[in-house]
Amino acid sequence: MERKIYIIVVAGGSGSRMGSDVPKQFLELDGVPVLQRTIVKFMKALPEARIITVLPQSSIPLWKELCVKHALDCPQIIVPGGITRFHSVQNALKKVPDGAIVFIHDGVRPLVSEALIVRMLEMMQTERALVPVVPVVDTLTYEDGTMVDRQKIKAVQTPQVFFSEDVKEAYSQAYDTSFTDDASVVRKKAVPVTLVPGERFNIKITTPEDLVLARAILSEV
């Protein structure tokens with residue numbers, strides 16, 4: 001049986017680092033809310049997928065207004081987030097059946113390419129879990145001045161992709177502060193995770209500088 005595809009878009013941020021009264025996922029990027037750009041990218045890449053949007057409970061009415069204002073024609077399952085990202089994803093996974101492929105993506109990474117999304121889906125024919133990574137280009141050091149071998153370090157991105165039965169079982173665990181992303185949750189259940197090349201432009205928008213950079217990238221693509 002062919003697996004259905006679910007996209008969990010996690011957009012629970014408050015915008016505190018952005019210094020804005022408007023949560024960062026709702027800020028406009030060239031006239032379109034960041035979250036909308038993210039969702040549309042997946043709609044175009046995987047039109048058969050089902051979208052689950054995770055938002056703070058208090059932000060759901062605003063998001064519905066923005067969907068109408070900006071004519072976002074996308075059926076969504078809207079799920080209230082939890083006290084941490086872990087709990088937000090846990091809530092969303094309750095809407096996902098077994099036998100599916102699940103993409104979990106940050107709502108404020110709107111510049112992910114359709115090509116990466118499609119490539120990762122194709123790789124799930126032979127892999128069990130996928131995480132995109134990019135090389136670290138900066139020199140790194142510990143607080144005591146000891147240098148870090150950056151050749152051994154990778155920066156982790158989303159989307160991260162899993163079989164639904166694996167990721168749902170993993171998220172049945174109790175929350176642990178060592179869970180920094182979805183792959184770290186799944187690894188604790190001994191699920192093998194394959195690292196794949198990510199994209200330098202697949203940035204996470206969390207600060208005003210990130211928004212400036214995203215606008216610059218959009219102007220060139």
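β4, helix α2 (residues 60–69) and β5 form a right-handed β-α-β unit; right-handed means that, with the strands pointing away from the viewer, the path from the first strand over the helix to the second runs clockwise. Helices (H or I, at least four residues) and strands (E, at least two) are DSSP runs numbered from the N terminus.

This is a predicted model, in which local features need pLDDT of at least 70 and side-chain atom pairs count only at pLDDT 80 or more, while totals for chains, interfaces and linings use all residues. Residues are numbered from 1 along each chain as its sequence is written, and side-chain values use heavy atoms, with hydrogens and water left out.

## Strand β4

β4 pairs with β5 in the parallel sense over five bridges, pairing requiring at least two DSSP bridges between the strands. Ile-51 stands opposite Gln-76 in β5. Five bridges also join β4 to β1, again in parallel, and here Ile-52 of β4 is the bridge partner of Ile-8.

Five of the six residues of β4 are buried, so the strand is largely enclosed by the rest of the structure. Buried means under 20% relative accessible area, exposed over 50% and partly exposed in between (1.4 Å probe, protein chains only).

## Helix α3

Helix α3 (residues 85–93) has seven of its nine residues buried, so the rest of the structure largely encloses it. Its buried residues include Phe-86, His-87 and Leu-93. The elements against which the buried residues of α3 pack include β4 (50–55), β5 (76–80) and α5 (164–170), with contact meaning heavy atoms within 4.5 Å.
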